[in-house]
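This briefing is meant to be read beside the sequence and the 3D view. It takes up helix packing and aromatic pairs in turn.

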Amino acid sequence: MINNTKKNKSLKPFTTFGFEARARYFAAPETLDEIENLLADAQKSDIPLFILGGGSNVVFACDFDGLVICPRIGGIKVVDEDGEHVLLKAGAGVVWDDFVRYAVEHNLGGVENLSAIPGNVGASPVQNIGAYGMEAKDSLVAVNGVFIENGKQFTLENAECRFAYRDSIFKNELKRKTVVTHVVFKLSKNPEYKLDYGNLKDELSKYDEINLRRIRQSVIAIRASKLPDPKDLGNAGSFFKNPIVDRTEANRLLELYPSMPVYPADSSGKVKLSAGWMIEKCSLKGYRENNIGVHRQQALVLVNYGEGTASELIAFAQMMQTIVFEKFGVIIEPEVNIIN
Ligand code: EPU
(Lines give C-alpha, C1' and ligand atoms only; values in the text may rest on other atoms or scores of the structure.)
Protein backbone atom coordinates (compact mmCIF):
# COMPACT_ATOMS: atom_id res chain seq x y z
CA MET A 1 0.00 0.00 0.00
CA ILE A 2 1.45 3.35 -1.05
CA ASN A 3 0.10 6.53 0.55
CA ASN A 4 -1.33 9.41 -1.48
CA THR A 5 -1.75 7.42 -4.66
CA LYS A 6 -4.65 6.51 -6.93
CA LYS A 7 -5.20 2.79 -7.49
CA ASN A 8 -5.74 0.90 -10.73
CA LYS A 9 -5.51 4.14 -12.67
CA SER A 10 -5.95 4.22 -16.44
CA LEU A 11 -2.86 5.63 -18.15
CA LYS A 12 -4.72 6.29 -21.39
CA PRO A 13 -5.10 10.05 -20.78
CA PHE A 14 -1.45 10.34 -19.76
CA THR A 15 0.11 8.99 -22.95
CA THR A 16 -0.22 10.57 -26.37
CA PHE A 17 -0.79 7.26 -28.21
CA GLY A 18 -3.97 6.79 -26.17
CA PHE A 19 -3.68 3.02 -25.61
CA GLU A 20 -5.42 1.46 -22.63
CA ALA A 21 -3.11 0.30 -19.82
CA ARG A 22 -3.50 0.55 -16.06
CA ALA A 23 -1.11 1.38 -13.25
CA ARG A 24 -1.51 -0.43 -9.91
CA TYR A 25 -0.62 2.87 -8.18
CA PHE A 26 -0.40 6.35 -9.65
CA ALA A 27 0.73 9.70 -8.20
CA ALA A 28 1.33 13.18 -9.60
CA PRO A 29 3.55 14.87 -6.95
CA GLU A 30 3.97 18.63 -7.10
CA THR A 31 6.95 19.02 -4.76
CA LEU A 32 10.32 17.43 -4.12
CA ASP A 33 9.13 16.35 -0.66
CA GLU A 34 6.17 14.51 -2.13
CA ILE A 35 8.47 12.75 -4.58
CA GLU A 36 10.86 11.74 -1.81
CA ASN A 37 8.00 10.33 0.29
CA LEU A 38 6.67 8.33 -2.63
CA LEU A 39 10.11 6.92 -3.39
CA ALA A 40 10.58 5.89 0.24
CA ASP A 41 7.15 4.18 0.33
CA ALA A 42 7.79 2.38 -2.96
CA GLN A 43 11.19 1.24 -1.68
CA LYS A 44 9.61 -0.21 1.47
CA SER A 45 6.94 -2.03 -0.55
CA ASP A 46 9.55 -3.20 -3.07
CA ILE A 47 7.39 -2.51 -6.12
CA PRO A 48 8.53 -1.41 -9.58
CA LEU A 49 8.48 2.29 -10.40
CA PHE A 50 8.02 4.19 -13.60
CA ILE A 51 8.53 7.93 -14.02
CA LEU A 52 6.16 9.30 -16.64
CA GLY A 53 6.63 12.77 -18.14
CA GLY A 54 4.21 14.08 -20.74
CA GLY A 55 3.69 10.53 -22.04
CA SER A 56 4.68 11.60 -25.54
CA ASN A 57 7.43 9.04 -26.00
CA VAL A 58 6.17 5.97 -24.20
CA VAL A 59 4.04 2.90 -24.84
CA PHE A 60 2.88 0.61 -22.02
CA ALA A 61 2.78 -2.82 -23.64
CA CYS A 62 0.66 -4.10 -20.74
CA ASP A 63 -0.68 -2.99 -17.35
CA PHE A 64 2.03 -1.71 -15.00
CA ASP A 65 2.09 -3.66 -11.75
CA GLY A 66 3.77 -0.95 -9.72
CA LEU A 67 3.82 2.78 -9.06
CA VAL A 68 3.73 5.33 -11.88
CA ILE A 69 4.96 8.77 -10.78
CA CYS A 70 4.07 11.71 -12.95
CA PRO A 71 6.15 14.64 -11.58
CA ARG A 72 4.21 17.89 -11.72
CA ILE A 73 6.81 20.30 -10.32
CA GLY A 74 6.09 23.63 -11.99
CA GLY A 75 7.71 27.03 -12.24
CA ILE A 76 10.18 28.83 -14.45
CA LYS A 77 12.71 30.98 -12.56
CA VAL A 78 15.58 33.22 -13.56
CA VAL A 79 18.53 31.95 -11.48
CA ASP A 80 21.32 34.06 -12.98
CA GLU A 81 21.79 36.75 -15.59
CA ASP A 82 24.53 38.81 -17.22
CA GLY A 83 24.70 41.08 -20.27
CA GLU A 84 24.66 38.11 -22.67
CA HIS A 85 22.81 35.26 -21.03
CA VAL A 86 20.01 34.28 -18.70
CA LEU A 87 19.95 31.03 -16.71
CA LEU A 88 16.42 29.66 -16.46
CA LYS A 89 15.47 26.85 -14.12
CA ALA A 90 12.27 25.04 -15.02
CA GLY A 91 10.34 22.41 -13.06
CA ALA A 92 10.15 18.93 -14.59
CA GLY A 93 6.38 19.19 -14.86
CA VAL A 94 6.37 22.36 -16.96
CA VAL A 95 4.94 21.64 -20.40
CA TRP A 96 7.93 21.85 -22.74
CA ASP A 97 6.26 24.18 -25.20
CA ASP A 98 5.21 26.56 -22.40
CA PHE A 99 8.90 26.80 -21.55
CA VAL A 100 9.82 27.54 -25.18
CA ARG A 101 7.06 30.14 -25.44
CA TYR A 102 8.29 31.81 -22.23
CA ALA A 103 11.84 31.95 -23.63
CA VAL A 104 10.71 33.41 -26.97
CA GLU A 105 8.40 35.95 -25.33
CA HIS A 106 11.34 37.14 -23.20
CA ASN A 107 13.55 37.38 -26.31
CA LEU A 108 15.82 34.58 -25.16
CA GLY A 109 17.28 32.33 -27.82
CA GLY A 110 18.41 28.71 -27.70
CA VAL A 111 15.25 26.61 -27.73
CA GLU A 112 13.06 28.31 -30.39
CA ASN A 113 13.60 25.55 -32.99
CA LEU A 114 12.25 23.11 -30.40
CA SER A 115 8.81 24.75 -30.46
CA ALA A 116 5.72 22.54 -30.25
CA ILE A 117 7.52 19.36 -29.22
CA PRO A 118 5.05 17.49 -27.03
CA GLY A 119 6.09 16.46 -23.52
CA ASN A 120 7.40 18.04 -20.33
CA VAL A 121 10.66 19.77 -19.39
CA GLY A 122 11.70 16.77 -17.27
CA ALA A 123 11.89 14.54 -20.33
CA SER A 124 13.90 16.98 -22.44
CA PRO A 125 17.32 15.80 -21.21
CA VAL A 126 16.38 12.12 -21.14
CA GLN A 127 16.19 11.74 -24.88
CA ASN A 128 17.92 15.03 -25.68
CA ILE A 129 14.96 16.27 -27.70
CA GLY A 130 15.87 17.77 -31.04
CA ALA A 131 14.40 19.34 -34.14
CA TYR A 132 15.43 21.61 -37.02
CA GLY A 133 19.16 21.49 -36.27
CA MET A 134 18.84 22.22 -32.53
CA GLU A 135 18.94 19.92 -29.52
CA ALA A 136 18.22 20.39 -25.82
CA LYS A 137 21.91 19.74 -25.08
CA ASP A 138 22.91 22.92 -26.98
CA SER A 139 21.54 25.15 -24.22
CA LEU A 140 21.17 22.82 -21.24
CA VAL A 141 23.43 23.60 -18.28
CA ALA A 142 22.42 21.10 -15.62
CA VAL A 143 19.83 18.56 -14.56
CA ASN A 144 18.61 18.33 -10.94
CA GLY A 145 16.96 15.21 -9.66
CA VAL A 146 16.69 12.47 -7.09
CA PHE A 147 18.10 8.94 -7.17
CA ILE A 148 15.28 6.42 -6.89
CA GLU A 149 17.35 3.95 -4.87
CA ASN A 150 18.21 6.20 -1.92
CA GLY A 151 16.27 9.43 -2.39
CA LYS A 152 19.50 11.47 -2.60
CA GLN A 153 19.44 14.65 -4.65
CA PHE A 154 21.90 15.13 -7.51
CA THR A 155 22.99 17.72 -10.05
CA LEU A 156 24.49 16.60 -13.33
CA GLU A 157 26.28 19.18 -15.46
CA ASN A 158 25.84 19.10 -19.24
CA ALA A 159 29.06 17.14 -19.90
CA GLU A 160 28.12 14.54 -17.30
CA CYS A 161 24.81 13.85 -19.05
CA ARG A 162 26.65 12.24 -22.03
CA PHE A 163 24.31 13.69 -24.59
CA ALA A 164 24.16 12.33 -28.12
CA TYR A 165 21.51 12.08 -30.83
CA ARG A 166 18.27 11.19 -28.96
CA ASP A 167 20.43 9.82 -26.16
CA SER A 168 21.84 10.58 -22.70
CA ILE A 169 23.04 8.95 -19.49
CA PHE A 170 19.37 8.80 -18.44
CA LYS A 171 18.71 6.24 -21.19
CA ASN A 172 21.84 4.24 -20.33
CA GLU A 173 23.69 3.96 -16.98
CA LEU A 174 20.95 5.87 -15.16
CA LYS A 175 18.02 4.30 -17.00
CA ARG A 176 15.02 4.16 -14.63
CA LYS A 177 17.27 5.15 -11.72
CA THR A 178 16.41 8.83 -11.35
CA VAL A 179 13.55 11.31 -11.14
CA VAL A 180 14.37 14.58 -12.87
CA THR A 181 13.00 17.47 -10.79
CA HIS A 182 14.39 20.59 -12.55
CA VAL A 183 16.39 21.48 -15.65
CA VAL A 184 18.58 24.58 -16.01
CA PHE A 185 19.07 26.19 -19.43
CA LYS A 186 21.42 28.98 -20.50
CA LEU A 187 19.65 31.15 -23.05
CA SER A 188 21.06 33.99 -25.06
CA LYS A 189 19.99 37.64 -25.19
CA ASN A 190 21.70 37.97 -28.59
CA PRO A 191 21.17 34.58 -30.12
CA GLU A 192 22.66 33.24 -33.31
CA TYR A 193 19.74 31.70 -35.14
CA LYS A 194 20.01 28.14 -36.45
CA LEU A 195 18.25 28.26 -39.77
CA ASP A 196 20.12 25.79 -41.93
CA TYR A 197 17.68 22.92 -41.65
CA GLY A 198 16.05 22.49 -45.09
CA ASN A 199 12.38 23.11 -44.38
CA LEU A 200 12.98 25.89 -41.91
CA LYS A 201 15.18 27.79 -44.35
CA ASP A 202 12.47 27.53 -47.02
CA GLU A 203 9.69 28.56 -44.65
CA LEU A 204 11.64 31.60 -43.39
CA SER A 205 12.71 32.73 -46.86
CA LYS A 206 9.21 34.27 -47.19
CA TYR A 207 10.16 36.94 -44.66
CA ASP A 208 12.58 39.89 -44.79
CA GLU A 209 13.06 40.13 -41.07
CA ILE A 210 13.77 37.13 -38.90
CA ASN A 211 13.34 37.07 -35.14
CA LEU A 212 12.67 34.48 -32.43
CA ARG A 213 8.89 34.79 -32.71
CA ARG A 214 9.00 34.26 -36.46
CA ILE A 215 11.23 31.22 -36.08
CA ARG A 216 8.86 29.78 -33.51
CA GLN A 217 5.83 30.43 -35.75
CA SER A 218 7.58 28.81 -38.72
CA VAL A 219 8.57 25.72 -36.75
CA ILE A 220 5.00 25.41 -35.47
CA ALA A 221 3.67 25.75 -39.04
CA ILE A 222 6.06 23.10 -40.42
CA ARG A 223 5.27 20.70 -37.62
CA ALA A 224 1.53 21.21 -38.03
CA SER A 225 1.80 20.43 -41.75
CA LYS A 226 3.59 17.11 -41.19
CA LEU A 227 3.02 15.85 -37.69
CA PRO A 228 -0.38 14.83 -36.37
CA ASP A 229 -1.63 16.52 -33.20
CA PRO A 230 -2.04 13.83 -30.51
CA LYS A 231 -5.32 15.50 -29.55
CA ASP A 232 -6.73 14.48 -32.95
CA LEU A 233 -4.80 11.29 -33.68
CA GLY A 234 -2.86 9.21 -31.14
CA ASN A 235 0.88 9.20 -31.86
CA ALA A 236 4.26 9.70 -30.21
CA GLY A 237 6.08 11.79 -32.81
CA SER A 238 8.85 9.88 -34.56
CA PHE A 239 8.42 6.26 -33.66
CA PHE A 240 11.86 5.27 -35.00
CA LYS A 241 15.26 6.93 -34.69
CA ASN A 242 17.23 7.86 -37.77
CA PRO A 243 19.91 5.13 -37.98
CA ILE A 244 23.54 6.12 -37.52
CA VAL A 245 25.92 4.07 -39.66
CA ASP A 246 29.57 3.99 -40.80
CA ARG A 247 30.60 5.91 -43.90
CA THR A 248 31.30 2.62 -45.73
CA GLU A 249 27.77 1.39 -45.03
CA ALA A 250 26.35 4.73 -46.21
CA ASN A 251 28.47 4.53 -49.39
CA ARG A 252 27.21 1.01 -50.09
CA LEU A 253 23.64 2.29 -49.85
CA LEU A 254 24.36 5.45 -51.86
CA GLU A 255 25.59 3.31 -54.76
CA LEU A 256 22.28 1.48 -54.76
CA TYR A 257 20.15 4.55 -53.98
CA PRO A 258 21.97 7.72 -55.12
CA SER A 259 19.10 9.98 -54.00
CA MET A 260 19.11 8.69 -50.42
CA PRO A 261 19.46 11.58 -47.93
CA VAL A 262 22.48 11.35 -45.61
CA TYR A 263 23.46 13.77 -42.84
CA PRO A 264 26.66 14.03 -40.80
CA ALA A 265 26.15 12.53 -37.33
CA ASP A 266 27.58 13.82 -34.07
CA SER A 267 30.38 11.33 -33.63
CA SER A 268 33.17 11.71 -36.18
CA GLY A 269 32.94 9.78 -39.41
CA LYS A 270 29.46 8.43 -38.82
CA VAL A 271 26.45 9.31 -40.92
CA LYS A 272 22.78 9.65 -40.11
CA LEU A 273 20.36 8.05 -42.55
CA SER A 274 16.73 9.04 -42.94
CA ALA A 275 14.47 6.29 -41.58
CA GLY A 276 11.45 8.19 -42.95
CA TRP A 277 12.89 8.06 -46.46
CA MET A 278 13.62 4.33 -46.21
CA ILE A 279 10.14 3.59 -44.87
CA GLU A 280 8.64 5.61 -47.71
CA LYS A 281 10.75 3.72 -50.26
CA CYS A 282 9.29 0.49 -48.86
CA SER A 283 5.85 1.87 -49.83
CA LEU A 284 4.79 1.93 -46.19
CA LYS A 285 3.96 5.64 -45.94
CA GLY A 286 0.22 5.87 -45.27
CA TYR A 287 -0.04 2.08 -44.94
CA ARG A 288 -2.63 0.99 -42.40
CA GLU A 289 -3.65 -2.27 -40.73
CA ASN A 290 -6.88 -2.01 -38.76
CA ASN A 291 -6.34 0.77 -36.20
CA ILE A 292 -2.60 1.26 -36.58
CA GLY A 293 -0.86 2.95 -39.47
CA VAL A 294 2.04 4.99 -40.83
CA HIS A 295 1.16 8.67 -40.98
CA ARG A 296 0.46 9.97 -44.49
CA GLN A 297 2.67 13.06 -44.20
CA GLN A 298 5.61 11.68 -42.16
CA ALA A 299 6.67 8.06 -42.49
CA LEU A 300 8.52 8.08 -39.15
CA VAL A 301 5.28 8.61 -37.27
CA LEU A 302 2.97 5.73 -36.36
CA VAL A 303 -0.61 6.55 -35.48
CA ASN A 304 -3.45 5.02 -33.50
CA TYR A 305 -6.62 5.61 -35.50
CA GLY A 306 -8.74 5.21 -32.40
CA GLU A 307 -9.26 1.79 -30.97
CA GLY A 308 -5.79 0.34 -31.54
CA THR A 309 -3.86 -1.51 -28.86
CA ALA A 310 -0.23 -1.42 -27.80
CA SER A 311 0.29 -5.02 -28.92
CA GLU A 312 -1.07 -4.22 -32.39
CA LEU A 313 1.32 -1.27 -32.57
CA ILE A 314 4.33 -3.36 -31.49
CA ALA A 315 3.55 -6.08 -34.06
CA PHE A 316 3.08 -3.42 -36.74
CA ALA A 317 6.42 -1.77 -35.88
CA GLN A 318 8.19 -5.15 -36.02
CA MET A 319 6.68 -5.78 -39.45
CA MET A 320 8.09 -2.41 -40.59
CA GLN A 321 11.55 -3.18 -39.17
CA THR A 322 11.62 -6.48 -41.08
CA ILE A 323 10.57 -4.89 -44.38
CA VAL A 324 13.12 -2.05 -44.06
CA PHE A 325 15.88 -4.51 -43.11
CA GLU A 326 15.09 -6.79 -46.06
CA LYS A 327 15.32 -3.88 -48.50
CA PHE A 328 18.20 -1.84 -47.06
CA GLY A 329 20.04 -4.15 -44.63
CA VAL A 330 19.62 -1.44 -41.97
CA ILE A 331 17.97 -1.91 -38.59
CA ILE A 332 15.61 0.91 -37.63
CA GLU A 333 15.31 1.16 -33.85
CA PRO A 334 12.31 2.55 -31.97
CA GLU A 335 12.84 5.95 -30.42
CA VAL A 336 9.74 5.43 -28.32
CA ASN A 337 10.19 3.76 -24.95
CA ILE A 338 8.24 0.48 -24.81
CA ILE A 339 7.48 -0.64 -21.25
CA ASN A 340 6.78 -4.35 -20.74
N1 EPU B 1 11.76 11.81 -45.41
C2 EPU B 1 11.08 11.13 -46.41
N3 EPU B 1 9.82 10.70 -46.14
C4 EPU B 1 9.21 10.90 -44.95
C5 EPU B 1 9.91 11.58 -43.92
C6 EPU B 1 11.18 12.01 -44.17
O7 EPU B 1 11.59 10.92 -47.50
O8 EPU B 1 8.06 10.47 -44.81
C9 EPU B 1 13.12 12.31 -45.69
C10 EPU B 1 13.15 13.50 -46.61
O11 EPU B 1 14.32 13.43 -47.35
C12 EPU B 1 13.27 14.69 -45.70
C13 EPU B 1 14.15 14.11 -44.61
O14 EPU B 1 13.74 12.73 -44.51
O15 EPU B 1 13.82 15.78 -46.34
C16 EPU B 1 13.97 14.76 -43.25
O17 EPU B 1 12.61 14.74 -42.90
P18 EPU B 1 12.07 15.59 -41.67
O19 EPU B 1 12.53 16.98 -41.75
O20 EPU B 1 10.61 15.34 -41.53
O21 EPU B 1 12.89 14.94 -40.45
P22 EPU B 1 13.06 13.46 -39.94
O23 EPU B 1 14.49 13.07 -40.01
O24 EPU B 1 12.10 12.53 -40.58
C25 EPU B 1 13.61 14.30 -37.52
C26 EPU B 1 13.17 14.10 -36.10
C27 EPU B 1 11.86 14.81 -35.84
C28 EPU B 1 12.06 16.29 -36.10
C29 EPU B 1 12.54 16.48 -37.55
C30 EPU B 1 12.92 17.91 -37.85
C31 EPU B 1 14.09 11.95 -35.43
C32 EPU B 1 13.80 10.53 -35.10
N33 EPU B 1 13.03 12.67 -35.84
O34 EPU B 1 12.66 13.67 -38.38
O35 EPU B 1 11.56 14.66 -34.45
O36 EPU B 1 10.87 17.03 -35.89
O37 EPU B 1 13.74 15.68 -37.76
O38 EPU B 1 14.11 18.22 -37.20
O39 EPU B 1 15.23 12.38 -35.33
C40 EPU B 1 10.40 13.36 -32.84
O41 EPU B 1 11.50 13.09 -32.36
O42 EPU B 1 9.34 12.89 -32.34
C43 EPU B 1 10.32 14.17 -34.04
C44 EPU B 1 9.18 14.43 -34.65
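Predicted model: local features only at pLDDT ≥ 70, side-chain atom pairs only at ≥ 80, totals over all residues.

**Packing of two helices**

- The axes of helix H2 (residues 96–105) and helix H4 (residues 212–226) come within 9 Å and cross at roughly 150°; because angles over 145 degrees count as roughly antiparallel, H2 and H4 are described as roughly antiparallel to each other.
- The crossing of H2 and H4 is left-handed, and the contact is made by Asp-97, Val-100, Arg-101, Val-104 and Glu-105 on the side of H2, with Leu-212, Arg-213 and Arg-216 on the side of H4.
- By class, the residues of this contact of H2 with H4 comprise 5 charged, 3 nonpolar and no polar ones.

**Aromatic pairs**

- The structure holds 16 aromatic pairs, among them an edge-to-face pair of Tyr-257 and Trp-277, with 6.2 Å centre to centre and 75° between the planes.
- Tyr-257 lies in the loop between helix H5 (247–256) and strand E15 (262–264), while Trp-277 lies in helix H6 (residues 275–281), so this pair ties together parts that are 20 residues apart in sequence; Tyr-257 and Trp-277 are both buried.
- Tyr-287 and Phe-316 form a stacked pair, with 6.0 Å centre to centre and 20° between the planes, and this pair links the loop between H6 and strand E17 (288–289) to helix H7 (residues 310–328), 29 residues apart.
- Tyr-287 counts as partly exposed because its relative accessibility is 32%, whereas Phe-316, at 2% relative accessibility, counts as buried.
- Ring pairs also link Phe-17, Phe-19, Phe-239 and Phe-240 into a cluster.

How values were computed
Residues numbered from 1 in each chain as written. Heavy atoms only, no water. Axes fitted to C-alpha atoms, helices over the stretch in contact; angles between N-to-C directions. Helix = DSSP H or I, 4+ residues; strand = E, 2+ residues; numbered from the N terminus. Parallel < 35°, antiparallel > 145°, perpendicular 65-115°, else oblique. Left-handed = near helix turned anticlockwise from the far one by under 90°. Contact = heavy atoms within 4.5 Å. Nonpolar A, V, L, I, M, F, W, Y, C, P; charged D, E, K, R; others polar. Phe/Tyr/Trp six-rings, centres within 6.5 Å; stacked < 30°, edge-to-face > 60°. Buried < 20%, exposed > 50% of the residue type's maximum accessible area, 1.4 Å probe, protein only.
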